[in-house]
Amino acid sequence: MFGLHDIIKFLWSFFLIFPVVILIHLLGHITFAAIFGAKGIRMRLGSGKRLFSFWKIDIHQFYFWTGDCEFEYVTFDNRLSKTIILLGGSTFNLLSMLLLNLLIWFDLF
């Protein structure tokens, strides 16, 4: 049923692939927030004690678990802009999924 190779695949997915998916998702929110004029943008990957920071990204002890982004205010602050910012994460996940499937379809990956 499940073997040792499945555990290795699970660990690979959990500690490497899942954080990449979270990062893509957060980049979607941040991109659309920046388009609508957000200031003070920061991103946090993980939870627990902060390990290190670079640029505007904080990496925490449990980097594979969760993530969030924050910003002070949005220049164009209305219901449409907030909706687009919230949908930005799912949009980036969908686009990355489609791009990866296209690369597989054309035998480029």
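Predicted model: local features only at pLDDT ≥ 70, side-chain atom pairs only at ≥ 80, totals over all residues.
**Entry 1: the two helices.** Helix α1 covers residues 4-35 and helix α2 covers residues 79-105. I noted a packing angle of about 135° between α1 and α2. Angles over 145 would count as roughly antiparallel and those from 65 to 115 as roughly perpendicular, so α1 and α2 are oblique to each other. I put down 7 Å for the distance between their axes. For the handedness of the crossing of α1 and α2, I wrote right-handed.

**Entry 2: the contact.** I then listed the residues by which α1 and α2 touch. From α1, the contact takes in Val21, Ile24, His25, Leu27, Gly28, His29, Thr31, Phe32 and Ala33. From α2, I listed Ile84, Ile85, Leu86, Gly88, Gly89, Ser90, Phe92, Asn93 and Ser96. I sorted the residues of this contact of α1 with α2 by type: nine are nonpolar, nine are polar and none is charged.

**Entry 3: the largest pocket.** Next I looked up the largest pocket, which holds about 250 Å³ of space. In its lining I found Ile17, Val20, Val21, Ile24, Asn93, Ser96, Met97, Leu100, Asn101 and Ile104. The elements that give two or more residues to this lining are α1 and α2. Which element gives the most to the lining of the largest pocket? I found that α2 does, with six residues. By type, the lining of the largest pocket has seven nonpolar residues, three polar ones and no charged ones.

**Entry 4: cross-check.** I compared the two lists. Val21, Ile24, Asn93 and Ser96 stand in the helix contact and also in the lining of the largest pocket.

Conventions: Residues numbered from 1 in each chain as written. Heavy atoms only, no water. Axes fitted to C-alpha atoms, helices over the stretch in contact; angles between N-to-C directions. Helix = DSSP H or I, 4+ residues; strand = E, 2+ residues; numbered from the N terminus. Parallel < 35°, antiparallel > 145°, perpendicular 65-115°, else oblique. Left-handed = near helix turned anticlockwise from the far one by under 90°. Contact = heavy atoms within 4.5 Å. Nonpolar A, V, L, I, M, F, W, Y, C, P; charged D, E, K, R; others polar. 1 Å grid on protein atoms, 1.4 Å probe; cavity = no way out; pocket = protein on both sides within 12 Å on 5 of 7 lines; lining within 4 Å. Points joined across faces, edges and corners; volume = space filled by probe spheres on them.
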